[in-house]
Amino acid sequence: MGGSGAGEPSAEVIRAGDESAFAELAERYRHELRVHLYRMLGSFTEAEDLVQETLLRAWRKRADFAGRSTFRAWLYGIATHAALDVLAAPARRREVTSALDASGSPARSAVAEVTWLEPYPDELLDLAAPADGGPEAAAIARETIELAFLAAIQHLPPRQRAVLILRDVVGAPAPETAETLRMSVASVKSALQRARATLREQLPPRRAEWGAATTPSDSERALLRRYVAASRRADLSALSELLREDARQTMPPAHLVFEGRAAILDLWRPVLAGENAWGDWRSVPLTLNRMPAVANHVRRPGEHSFSPVNIDVLRVEDGLIAEITTFGPELLPRFGQGLPG
């Protein structure tokens, strides 16, 4: 994490700088700090709010910057402690919730058990790292921003989560992580070992095969186009062909898991087909968390305009949809997503 200090002013300049000069320097890191806070909190909305608080804390604490680390690393430390403060606040309920399948039986799903999870738009991820793939590129690597990873790390105790993110995602050395978190190096190493073990339990079984892409692949985009077309036609047969037999669908903040293609189709059938179908559907392609996604809208009978219904984020394995994570439409305006024509 200390490798991005080139071109930074000295500690003396930072400590003595006026507010506008300090803000201009700190603003360079706003986008990657927001991604860091998103990983810590799992919520795009809370990360948006807390990044500003982080920069305000940095301004107030500028006299403490001694220059032992880069300015970037110092800001990451402030952001991490701001997130830990949020996670420790008694008013914040972030308890992992037991998930249930459609029959009401217990089900295992890291995503369904984390009720506060929200997606992150790729347009904002692109702002978090330079095109030349510098040290900041880890901020947008798909394997560390996809929903399965985000949900899994929310199962970690906050300090273990911070250690894992700083060491395995941000790339901070163990001594720097220990100083940031006010822990011993031995404690950091122990916490990282425990965090990695928990992560292996929570992640999908085949995740190690996924690779480190930063955008959806051509085959994923082609599947997304087929998904959009079938959704617009309300074609359950075509949608069925796109799903793995063992596909699952979750819908944060609900703690429900629909296990298997048949259960997913049973969920969709009443709103897509038959006399109680909701109406005409329009699905608009998106990319969220470096994954293919769609914003679904419906025009109900007797209405003249479309209304947003939900957001589907797709995880693809072997050319078929392995998992659908469905979110409410309330974030669409923040993503700059309008209604279809």
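These are my notebook entries on a predicted model of one protein chain.

**Entry 1: confidence**

I looked up the confidence before anything else. The protein chain has an average pLDDT of 87, and 88% of the residues score at least 70. I made a note for later reading: where pLDDT is low, the predicted coordinates should not be read in detail.

**Entry 2: the sheet**

I looked up how the strands are arranged. There are 8 strands in an open sheet, and their order is β2-β1-β4-β3-β8-β7-β6-β5. The pairing in this sheet is mixed. Which strands are at the edges? They are β2 (106–107) and β5, each of which pairs on one side only. As background, I wrote down that strands of a sheet pair through backbone hydrogen bonds, either parallel or antiparallel.

I picked β8, residues 320–327, and asked how many of its residues are buried. The count is 7 of 8, so I recorded the strand as mostly covered, with buried meaning under 20% relative accessible area.

Next I checked the pairing of β8. Strand β3 (residues 243–250) pairs with β8 in the parallel sense, over 4 bridges. Strand β7 (residues 307–317) pairs with β8 in the antiparallel sense, over 7 bridges. I followed I324 in β8 as an example. I324 is the bridge partner of Q249, and I324 is also the bridge partner of L314.

Q249 stands opposite F258 in β4. Strand β4, residues 256–259, is joined to β3 by 3 bridges, and the two run antiparallel.

**Entry 3: two hairpins**

I looked up the turns. β7 and β8 form a hairpin with 2 residues between them. In that turn D318 has a positive phi of about 55 degrees.

β5 and β6 form a hairpin too, again with 2 residues between the strands. Here N289 takes the positive phi, near 55 degrees. Strand β5 covers residues 280–288 and strand β6 covers residues 291–299; they pair in the antiparallel sense over 9 bridges. One of the bridge pairs is R282 with H297 in β6.

**Entry 4: salt bridges**

I searched the whole structure for salt bridges and found 18. The background is simple: side chains of opposite charge can pair when their charged atoms come close.

I looked at D122 and R290, whose side chains meet in a salt bridge at 3.3 Å, N to O. This pair links distant parts of the chain, with D122 in helix α7 (residues 122–125) and R290 in the loop between β5 and β6, 168 residues apart. Are these two residues buried or exposed? D122 has 4% relative accessibility, so it counts as buried. R290 has 3%, so it counts as buried too.

I checked two further pairs. D246 forms a salt bridge with R244, with the closest N and O atoms 2.9 Å apart. R244 counts as buried at 18% relative accessibility, whereas D246 is partly exposed at 47%. E317 forms a salt bridge with R315, with the closest N and O atoms 2.5 Å apart. E317 counts as buried at 10% relative accessibility, and R315 is buried with a relative accessible area of 10%. I traced shared partners from here: R244, D246, R315, E317, D318 and E323 are joined into one network of salt bridges.

**Entry 5: helices on the sheet**

Helix α12, residues 218–233, lies across β5, β6, β7 and β8 and runs at about 160 degrees to β5. Helix α14, residues 261–272, packs on the sheet and touches β3, β4, β5 and β8. The direction of α14 makes about 65 degrees with that of β3.

**Entry 6: two helices crossing**

I compared helix α2 (residues 19–27) with helix α5 (residues 71–88). Their axes come within 11 Å and cross at roughly 85 degrees. Therefore α2 is roughly perpendicular to α5. The contact is made by F22, L25 and A26 of α2 and by F71, W74 and L75 of α5.

**Entry 7: one buried threonine**

At 1% relative accessibility, T177 counts as buried. I asked which residues T177 contacts, leaving aside its neighbours within four places in sequence. They are V163, L166, R167, A172 and V188.

Key. Residues numbered from 1 in each chain as written. Predicted model: local features only at pLDDT ≥ 70, side-chain atom pairs only at ≥ 80, totals over all residues. Heavy atoms only, no water. pLDDT = per-residue confidence, 0-100. Buried < 20%, exposed > 50% of the residue type's maximum accessible area, 1.4 Å probe, protein only. Pairing = 2+ DSSP bridges. Salt bridge = Lys/Arg side-chain N within 4 Å of Asp/Glu carboxyl O. Axes fitted to C-alpha atoms, helices over the stretch in contact; angles between N-to-C directions. Parallel < 35°, antiparallel > 145°, perpendicular 65-115°, else oblique. Contact = heavy atoms within 4.5 Å.
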